[in-house]
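Here's a friendly walk through one protein model. Have a look at the sequence and the 3D view, then read on.

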Amino acid sequence: MLKSRNTHKSLGSRGKYLLQPSAFSLGDLCVPPMANVLKVFLENGQTKSFKYDSTTTVQNVVTSLRDKLCLTAGEHFSLVVEHVKSLKRNKLTLLDPQETVARIAARPGAHKLRCLFRVTFVPVSAAGLAQKDLNALDYLFLQCCNDVTQERFAPELQPEVALRLAALHMHQHALANNISPAKLTVKTVEREFGLDRFVPASLIEGMKRKELRRLLGHFLKLNSQMTGSSAKMLTQLQAKIHYLDIISGLPSYGAKCFSTNQRDGVERVLLVSPRFGLSQIAGVRNTVMY
């Protein structure tokens with residue numbers, strides 16, 4: 001988020017939970033306010049702060065973040081903002097790279113916004129991105145995992161697909177934390193990390209825990225069938241690419257939505273996406289019409 005010395009407006013950033021105090025909220029009154037500081041939240045849970053002046057642009061911040069994170073495929077990344085109390089977790093606003101940070105901070109209501117560093121221009125394929133920039137692939141994977149658990153893809157993400165993704169994420173995370181394949185079970189993952197890291201809250205709350213564990217166990221076993229070789233288990237990289245390949249099939253992946261007037265009580269949204277091009281989403285089931 002950012003705060004302007006002259007306007008006393010602030011631009012917020014995303015915390016782990018929707019109502020978590022931001023850097024300039026009541027939760028941080030014990031900390032002296034920092035004038036002209038932009039605070040950006042990253043998908044890995046870290047925050048980066050940048051002092052700015054009247055000439056600092058959004059692109060300056062993006063370039064600095066790309067350098068700090070060692071990203072060579074920087075063309076995929078941008079700064080976006082979202083309203084701190086918005087009920088629509090998928091409503092993000094892309095910032096113009098040439099606009100100054102000070103001007104954004106001076107906008108009415110800027111103190112109610114969070115600033116995020118995200119992959120906004122998605123790659124043609126996850127495998128292609130992996131060959132070009134593994135750091136960018138890791139960041140995109142983390143972003144998509146967060147989007148799934150925070151339900152940015154709801155309601156288009158069906159429960160079965162969400163659990164399939166959860167199993168791939170569990171597999172990758174367990175390997176990253178040195179859990180041997182022989183011990184890779186739902187019970188072990190739940191004990192060590194909890195399930196809320198991998199499964200959307202609506203499924204955790206809406207399903208019986210026994211059924212949830214059974215389905216996750218089933219999908220964990222299916223992971224071994226996705227190696228495409230004689231190997232008996234997926235590597236971390238393979239799990240990430242399979243995860244992103246599934247996500248890329250969702251209509252809103254890398255897309256921009258524009259609401260239109262309702263007709264006959266049915267909400268219609270224009271969708272511009274790398275997969276569907278210009279299309280229309282109609283009804284609560286998000287049926288895509290070309």
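Which residues in helix 9 are buried? They are A239, K240, I241, Y243, L244 and I247, where buried means under 20% relative accessible area with a 1.4 Å probe, counting protein chains only. Before going on, note that this is a predicted model, in which local features need pLDDT of at least 70, side-chain atom pairs count only at pLDDT 80 or more, and totals for chains, interfaces and linings use all residues. Residues are numbered from 1 along each chain as its sequence is written, and side-chain values use heavy atoms, with hydrogens and water left out.

Stay with helix 9, residues 236-247. Among the elements covering its buried residues are helix 3 (126-132), helix 4 (134-149) and helix 5 (159-176). Helices here are DSSP runs of H or I, at least four residues long, and strands are E runs of at least two, numbered from the N terminus; the protein has nine helices and eleven strands.

Now follow helix 5 over to helix 8 (residues 209-222). Their axes, lines fitted to C-alpha atoms over the stretch in contact, with angles from 0 to 180 degrees between N-to-C directions, come within 9 Å and cross at roughly 65°. Contact means heavy atoms within 4.5 Å, and the residues that meet include L163 and M170 in helix 5 and L216 and F219 in helix 8.

Finally, zoom out: of the protein's 290 residues, 46% count as buried.

Key. The expected span of a helix is 1.5 Å times one less than its number of residues. Buried means under 20% relative accessible area, exposed over 50%, partly exposed in between (1.4 Å probe, protein chains only).
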